[in-house]
Amino acid sequence: MAESSGRAPGTSRQARGVPRGPLMSPGFWLHHAALEWRATLERNLRPLGLTPTQFNLLASAGWLSREGELPTQQQVADMSGSDRMMASKVIRGLEERGLLLRRADPADARVLRIELTSAGREQVSQGVQTAVDTDAQLFGDDGDLLREHLKPIAAHRLPG
């Protein structure tokens, strides 16, 4: 009987890294860079009256609606990386502000379809420019290279 090594299946001792402390961990720096990006984006979106979460949900709804059919609330939550319950609460608030509409799907009344209003489209347009400017502010000319390094790591989290 083989003795359990405590390692995940398919990993070998050679694949394991040597602990060198948090300052040598790319994950440590990625985490703190993400925190700084979010804090900067939050400051930059404040004049628009949007939080990063609100912006991300609005922008996701706008992006997904470009494909023709109005996206479902679940698709918007998935695209934005948001928890379903939190997304529902934030989307309800955005609807109350007149930035989007939630409509029952004709084929299934339990499914809500999301449509940006003209005010919502304007907010998304301004927010996208703010996000692009924030990326340029923080990442400069290395933004494209950084994106290409991060895509394969994060791609499994995106729908489709």
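Helices (H or I, at least four residues) and strands (E, at least two) are DSSP runs, numbered from the N terminus.

Before you go on, a word about the model. It is predicted, so local features need pLDDT of at least 70 and side-chain atom pairs count only at pLDDT 80 or more, while totals for chains, interfaces and linings use all residues. Residues are numbered from 1 along each chain as its sequence is written, and side-chain values use heavy atoms, with hydrogens and water left out.

**Stop 1: helix α5**

Now select α5 itself. Its 22 residues reach 31 Å from the first C-alpha to the last, close to the 32 Å expected at 1.5 Å a residue. The expected span of a helix is 1.5 Å times one less than its number of residues. Colour G120, Q123, V124, G127, T130, A131 and T134, which are buried. Buried means under 20% relative accessible area, with exposed over 50% and partly exposed in between (1.4 Å probe, protein chains only). These residues cover an arc of only 135° around the axis, which puts them on the same side of α5. The arc is that of the directions from the helix axis to the C-beta atoms. Among the elements covering the buried residues of α5 are α1, α2 and β2.

**Stop 2: helix α1**

Next, select residues 26-45, which make up α1. The 20 residues of α1 should span 28 Å at 1.5 Å a residue, and the end C-alpha atoms are 28 Å apart, which agrees. Look for T40, L41 and L45, which are buried in α1. Seen down the axis, the buried residues of α1 fall within an arc of 125°, so they line one face of the helix. They pack against α2 and α5. At the N-terminal end, S25 caps α1, with a side-chain oxygen 3.2 Å from the backbone nitrogen of G27.

**Stop 3: the nonpolar core**

Which residues have the most contacts inside the largest nonpolar core? Show L57, L58, V76, L94 and L100; the core has 22 residues in total. A nonpolar core is a set of buried Ala, Val, Leu, Ile, Met, Phe, Trp, Tyr and Cys residues joined through side-chain atoms within 4.5 Å. Helix α2 gives the most to this core, with 6 residues.

Zoom in on L57, which sits in α2 and is buried, with a relative accessible area of 1%. The C-alpha atoms of L57 and V76 are 6.3 Å apart, although 19 residues separate the two along the chain. Leaving aside neighbours within four places in sequence, L57 is in contact (heavy atoms within 4.5 Å) with V76, A77, S80, S82, A87, V90, I91 and L94. Then try L58: not counting residues up to four places away in sequence, L58 touches L50, L94, L99, L100, L116, Q123 and V124.

**Stop 4: the strands**

Follow L100 to β1 (residues 100-105), which pairs with β2 in the antiparallel sense over 6 bridges. Two strands pair if DSSP finds at least two bridges between them. Opposite L100 you will find L116 in β2. A hairpin through 2 residues joins β1 to β2.

**Stop 5: S88**

Finally, select S88 in helix α4. Is S88 buried or exposed? At 15% relative accessibility, S88 counts as buried. Leaving aside neighbours within four places in sequence, S88 is in contact with Q73 and R102.

Key:
Polar contact = N/O pair within 3.5 Å; in protein donor to acceptor, adjacent residues only side chain to side chain.
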